[in-house]
Every structure is written in C-alpha cells, then in structure tokens.
Amino acid sequence: MLLQAEPLPSGTILVADDQVANRELLEELLTAQGFKVITVSDGEEALDQVGKVPVDLVILDVMMPHLNGFEACRKIKANPETYLIPVVLVTALSDKQDRIEGLRANADDFLTRPVDRVELLARVQSLLKLKHRTDELERAEAVLFALARSIEGKDPYTGGHCERLSEYSASLGQHLGLPDEQITALRRAGVVHDIGKIAIPDSIILKPTSLSPDEWKLMREHPVVGERICAPLKSFRLVLPIIRHHHERFDGSGYPDGLQGENIPVTARVLQIVDVYDALTTIRPYKPAFSITDAMQTMKLEVAKGWWDAHIFDEFEQLVRSGTADFLARGAAAGAN
C-alpha cells in the first residue's frame with residue numbers, strides 16, 4: 001500500500017530585513033512554495049504588522065535599524081497575543097554570542113546568511129507544522145472557555161465569576177511565588193473550574209433553597225465531571241488537579257476525594273480561597289453580598305474550623321489589606337450591584 005505524502009503546511013510569513021535584495025530573495029523562495037509573504041524593512045514595522053495581521057511565522061534579520069532582530073523578537077515573545085508565533089533570526093554572523101542572545105530573546109530557530117534554500121524551507125515547514133498544532137490546541141481551549149462561560153451565564157448571580165477567579169487566583173499565586181506554569185494553570189482553572197456543572201440540572205444549580213440529599217450528591221459530582229471533560233487537553237495537565245480538588249477542605253471534610261492538608265494540590269488551595277471570597281462578596285440567591293470586612297471575618301472562622309489552608313489565607317488577607325490588589329475591592333463592589 002502506498003503511503004500518502006503529508007501535505008505541506010501553508011501560512012503567512014512575515015520577513016523583516018533592511019536590505020531589499022535579501023527581502024526579495026526570501027519572498028521569491030517562500031512564495032514559490034505557496035506561502036503568503038509580507039515584507040518590511042525594520043523591526044518596528046515588523047511589530048506593527050504582527051499586531052495588525054494574522055501571521056504564522058516571522059523571519060527577522062538580526063542587524064536592522066530602529067529595532068534590531070533581537071529586540072523585535074523579544075517584544076513579540078513578551079506579548080501574550082503574539083508569543084506563540086515562531087520567530088527565526090537570520091544573521092551573517094556565526095558568533096556563539098549572537099546565538100546566545102537569540103536564545104535569550106526566545107527565538108525559535110536560526111539561519112545563517114547566505115541562506116540555503118533547502119535549509120530555509122525545512123525549518124519553515126517544521127515550525128509551521130508546530131504552529132498549526134498550537135492553533136488547534138488554542139481552538140480547543142477556546143471551546144472549553146466558551147462552554148464554561150455559557151454555564152456561568154445561566155446564573156444571573158454569578159456574572160463575571162470566571163474572570164474574577166482567573167484574576168484573583170493568578171494574583172494570589174504570584175504573591176505566593178508560585179512558578180509561572182502554575183500561575184498559567186490558575187488563570188485557566190479560574191475560567192473552567194466549574195465546567196462540570198454542565199451535567200447538573202439547572203433546577204439544582206439555580207435552586208434558591210437548600211439542596212436535598214440526592215441533589216447534593218449530584219452536585220458533588222461536578223468536579224469529577226469537569227476533570228473528565230478537560231482531560232483530553234494535554235496543556236491542561238496542571239489545570240486538572242485544580243478542577244477536581246477545588247472543593248476539598250484542609251481537614252479532609254471536602255469532596256470528591258476527602259483529601260486532607262497538603263495532600264490537596266497547592267493550586268487547588270489557592271483557587272478555593274478566592275472562590276470562597278468571591279462567593280461571599282457577591283449576591284447569591286440565598287444571601288446578600290458581604291462587605292470585604294465581613295467576608296474576611298467569615299473566612300477566618302472557617303479557617304479556625306479547619307476548612308482552608310491558614311497560611312494561604314493569611315497571605316490572601318495580606319494581599320487584600322495591602323491595597324496592591326485593588327481589583328479585589330472593585331470585584332466585590334461590582335458583585336454587590
């Protein structure tokens with residue numbers, strides 16, 4: 001049986017070089033392979049185009065006026081909207097220090113001038129395949145986020161809850177000095193932590209009175225359902241424990257697994273603190289919005305009962321009282337309206 005050749009990737013490539021001849025050569029080589037090519041003459045123009053036009057790959061000459069290739073690459077990679085775009089640096093220099101500088105700027109690959117056609121196309125095709133897989137992943141994440149927000153939208157009392165938890169938990173995680181990958185997981189989990197409620201009837205989610213034992217049993221299943229929904233995404237590896245365990249309690253009385261103390265992942269302990277804070281400071285069918293002072297006092301009592309991590313709560317209280325996270329107060333005020 002004959003194997004079908006894998007189709008070549010397509011995409012839009014931005015080429016930045018201050019030398020016309022170099023730009024024309026790269027444009028000719030790339031357009032001959034079916035790529036759409038945009039050319040600019042310096043790093044500032046490259047940044048401007050990346051901000052305006054969907055680009056799949058950027059090729060930057062290192063030595064350019066106004067903004068050199070290293071600086072342009074660094075700015076592209078520092079922007080959350082563009083950091084996943086692959087960047088290739090092209091230089092006539094083979095000095096080791098240039099490569100080190102390029103790696104520090106987070107460049108994805110390097111080409112040495114004069115550019116070899118076969119090497120150029122091989123590197124471009126490899127990076128574009130990776131970019132297309134990343135785009136598919138982002139689309140899958142976007143579907144989950146949209147689903148999570150649609151669930152939230154059913155409840156008029158929880159508007160903005162996902163965004164607030166995303167911001168609150170990331171801020172607390174940064175305050176605690178958690179690694180960047182855990183901060184990213186907290187931002188994502190803030191949006192999707194309750195996605196498992198899609199399996200819970202609206203009559204239970206929106207019930208203004210206490211749940212019956214059977215209803216409560218069903219409600220307690222939503223963390224496991226949420227974990228199952230998000231499990232296929234490998235990029236959610238660090239998000240899954242937050243989804244599953246954000247209703248555990250430090251004394252082991254939570255659900256779904258009855259984990260106790262530091263057996264509860266630290267990221268789940270972070271999110272549950274801000275989740276409780278947001279619930280207390282916003283109007284719910286069963287209660288008015290608490291003031292920040294009353295909310296903190298209530299949470300202190302719950303910490304004394306053994307429900308929440310005392311150290312993380314103390315750090316959260318410090319964050320609230322310091323005024324450095326004034327959005328916590330704004331969020332509480334918005335929730336009370």
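**Exercise 1.** Decide whether Glu317 is buried or exposed, and then identify its salt-bridge partner.

*Solution.* At 14% relative accessibility, Glu317 counts as buried (buried is under 20% relative accessible area, exposed over 50%, partly exposed in between, with a 1.4 Å probe and protein chains only). The model is predicted, so that local features need pLDDT of at least 70 and side-chain atom pairs count only at pLDDT 80 or more, while totals for chains, interfaces and linings use all residues. Residues are numbered from 1 along each chain as its sequence is written, and side-chain values use heavy atoms, with hydrogens and water left out. The partner is Lys300, whose salt bridge with Glu317 brings the closest N and O atoms to 3.1 Å (a side-chain nitrogen of Lys or Arg within 4 Å of a carboxyl oxygen of Asp or Glu). Because Lys300 lies in helix H13 (residues 292-304) and Glu317 in helix H14 (residues 310-322), the pair ties together parts that are 17 residues apart in sequence (helices are DSSP runs of H or I, at least four residues, numbered from the N terminus). Lys300 is partly exposed, at 36% relative accessible area.

**Exercise 2.** Locate the two partners of the salt bridge between Asp48 and Lys52, and state how exposed each one is.

*Solution.* The closest N and O atoms of Asp48 and Lys52 are 3.2 Å apart. Both residues lie in helix H2 (residues 43-52), four residues apart, which is about one turn of the helix. Asp48 is partly exposed at 37%, whereas Lys52, at 60%, is exposed.

Note on methods: Helices (H or I, at least four residues) and strands (E, at least two) are DSSP runs, numbered from the N terminus.
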